[in-house]
Amino acid sequence: MNCATCQKDLAAYSNYCYYCGARQPSAPATPYVQKRLMRSTDQKLGGVCGGLAEYLDVDPTVVRLVWCLIAFFSGIVPGVIAYLVAWAVLPAPPKPGIEVIPAPPAPTQPYTPPAQPATNIS
């Protein structure tokens with residue numbers, strides 16, 4: 001990427017020129033898709049570890065192994081209770097074939113009511 005003012009090379013992610021300080025045009029922002037923590041359809045017991053793995057973008061086997069190690073070394077009962085609480089709290093995954101529609105984006109400008117037509121009283 002080159003600076004529009006001084007024509008020097010810049011990194012592609014630069015907002016300002018390093019040399020002259022001119023603001024650089026930016027690419028249109030991609031919409032942010034918020035992830036949602038929920039149980040997984042890739043489940044062995046209740047889908048808690050699979051859902052956590054999908055949320056963190058890691059392999060479900062790694063999350064299951066870490067969960068088992070933490071449960072084993074902290075005592076079996078706290079790990080089982082934590083799993084049951086997570087299973088009860090996390091929402092179920094959407095049914096296959098049903099598309100999850102994200103909420104519409106918030107308005108960027110405040111609402112202004114339409115102007116009233118002027119009435120001429122004679």
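**Helix packing and aromatic pairs**

Helices α2 and α3 cross with a right-handed sense, meaning that the near helix is turned clockwise from the far one by less than a right angle. The residues of this contact divide into six nonpolar, one polar and no charged. The model is predicted, so local features need pLDDT of at least 70 and side-chain atom pairs count only at pLDDT 80 or more, while totals for chains, interfaces and linings use all residues. Residues are numbered from 1 along each chain as its sequence is written, and side-chain values use heavy atoms, with hydrogens and water left out.

**How α2 and α3 meet**

- Two packed helices are described by the angle and the distance between their axes.
- Here, the axes of α2 (residues 60-73) and α3 (residues 76-89) come within 6 Å and cross at roughly 135°; axes are lines fitted to C-alpha atoms, for helices over the stretch in contact, with angles from 0 to 180 degrees between N-to-C directions.
- That angle makes α2 oblique to α3 (under 35 degrees is roughly parallel, over 145 roughly antiparallel, 65 to 115 roughly perpendicular, and the rest oblique).
- On the α2 side, Trp67, Ala71 and Phe72 meet Ile76, Gly79, Ala82 and Tyr83 of α3, where contact means heavy atoms within 4.5 Å.
- In sorting these residues, Ala, Val, Leu, Ile, Met, Phe, Trp, Tyr, Cys and Pro count as nonpolar, Asp, Glu, Lys and Arg as charged, and the others, Gly among them, as polar.
- Helices are DSSP runs (H or I, at least four residues), numbered from the N terminus.

**Helix α1 and its cover**

- In α1 (residues 48-56), Val48, Cys49, Gly50, Gly51 and Ala53 are buried (buried is under 20% relative accessible area, exposed over 50%, partly exposed in between, with a 1.4 Å probe and protein chains only).
- The cover over these buried residues includes α2 and α3.
- Just after α1, Asp57 takes a positive phi of about 55°.

**Aromatic pairs**

- The structure holds two aromatic pairs, with ring centres within 6.5 Å (Phe, Tyr and the six-membered ring of Trp; planes under 30 degrees apart are stacked, over 60 edge-to-face, the rest tilted).
- Trp67 and Tyr83 pair edge-to-face, 5.7 Å centre to centre with 85° between the planes.
- This pair links distant parts of the chain, with Trp67 in α2 and Tyr83 in α3, 16 residues apart.
- Trp67 counts as partly exposed because its relative accessibility is 24%, whereas Tyr83, at 14%, counts as buried.
- Phe72 and Phe73 also pair edge-to-face, at 5.2 Å centre to centre and 75° between the planes.
- Phe72 is exposed at 54% relative accessible area, and Phe73 counts as exposed at 66%.

Technical notes: Helix = DSSP H or I, 4+ residues; strand = E, 2+ residues; numbered from the N terminus.
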